[in-house]
Amino acid sequence: MIKKAAIFTFLLLVTAVVMAQVPSGIPSGTPEPLELTLTNIIVFIVLPVIIVILYIYWRRKKRK
């Protein structure tokens, strides 16, 4: 029972913090999509995939 109350309180506080971060009364534009240039493809697609693969390889090597 106490665990459920603690989880509920935590989620309530997190929601309050997130809502406090949203500015009110400031106009916001629509976000533009990411252009698929070679640099953006390398930075946002290729490098994260390489990092994940290297991390998995490193964890497997560390276990042995």
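User: What makes up the secondary structure of this protein, in helices and strands?

Analyst: This is a predicted model, and the protein in it has 2 helices and 0 strands. Helix α1 covers residues 2–21, while helix α2 covers residues 38–63.

User: How do you know what span to expect for α2, and what does α2 reach?

Analyst: The expected span is 1.5 Å times one less than the number of residues. Helix α2 has 26 residues, which gives an expected 38 Å; from first C-alpha to last it reaches 36 Å, close to that value.

User: Where does α2 bend, and which proline follows?

Analyst: The bend is at Val 46 and comes to about 30 degrees, with Pro 48 following within four residues. The angle is taken between axes fitted to the seven residues ending at a position and the seven starting there.

User: How does the radius of gyration of the protein stand against that of a compact globule of 64 residues?

Analyst: A compact globule of that length would have a value near 11 Å, whereas this protein has 21 Å. Along its principal axes, the C-alpha trace spans about 45 × 40 × 10 Å. As one example of a separation, Ala 6 and Thr 30 are 24 residues apart in sequence and 37 Å apart in space, C-alpha to C-alpha.

User: What percentage of the residues count as buried?

Analyst: Buried requires under 20% relative accessible area, and 0% of the 64 residues count as such. The protein exposes about 6800 Å², with carbon and sulfur atoms supplying 73% of that area.

User: Why is Ala 6 called partly exposed?

Analyst: Ala 6, in helix α1, has 45% relative accessibility.

User: Why is the aromatic pair of Tyr 55 and Trp 58 called tilted?

Analyst: The count comes to 1 aromatic pair. In that pair, Tyr 55 and Trp 58 are 6.0 Å apart centre to centre, with 40 degrees between the planes.

User: Why do Tyr 55 and Trp 58 count as partly exposed?

Analyst: Tyr 55 has a relative accessible area of 47%, and Trp 58 has 46% relative accessibility. Both values fall between 20% and 50%, so each residue is partly exposed.

Definitions and conventions. Residues numbered from 1 in each chain as written. Predicted model: local features only at pLDDT ≥ 70, side-chain atom pairs only at ≥ 80, totals over all residues. Heavy atoms only, no water. Rg over C-alpha atoms; globule rule 2.2 N^0.38 Å. Buried < 20%, exposed > 50% of the residue type's maximum accessible area, 1.4 Å probe, protein only. Areas by Shrake-Rupley, 256 points an atom, 1.4 Å probe, with all protein chains shown as cover. Phe/Tyr/Trp six-rings, centres within 6.5 Å; stacked < 30°, edge-to-face > 60°.
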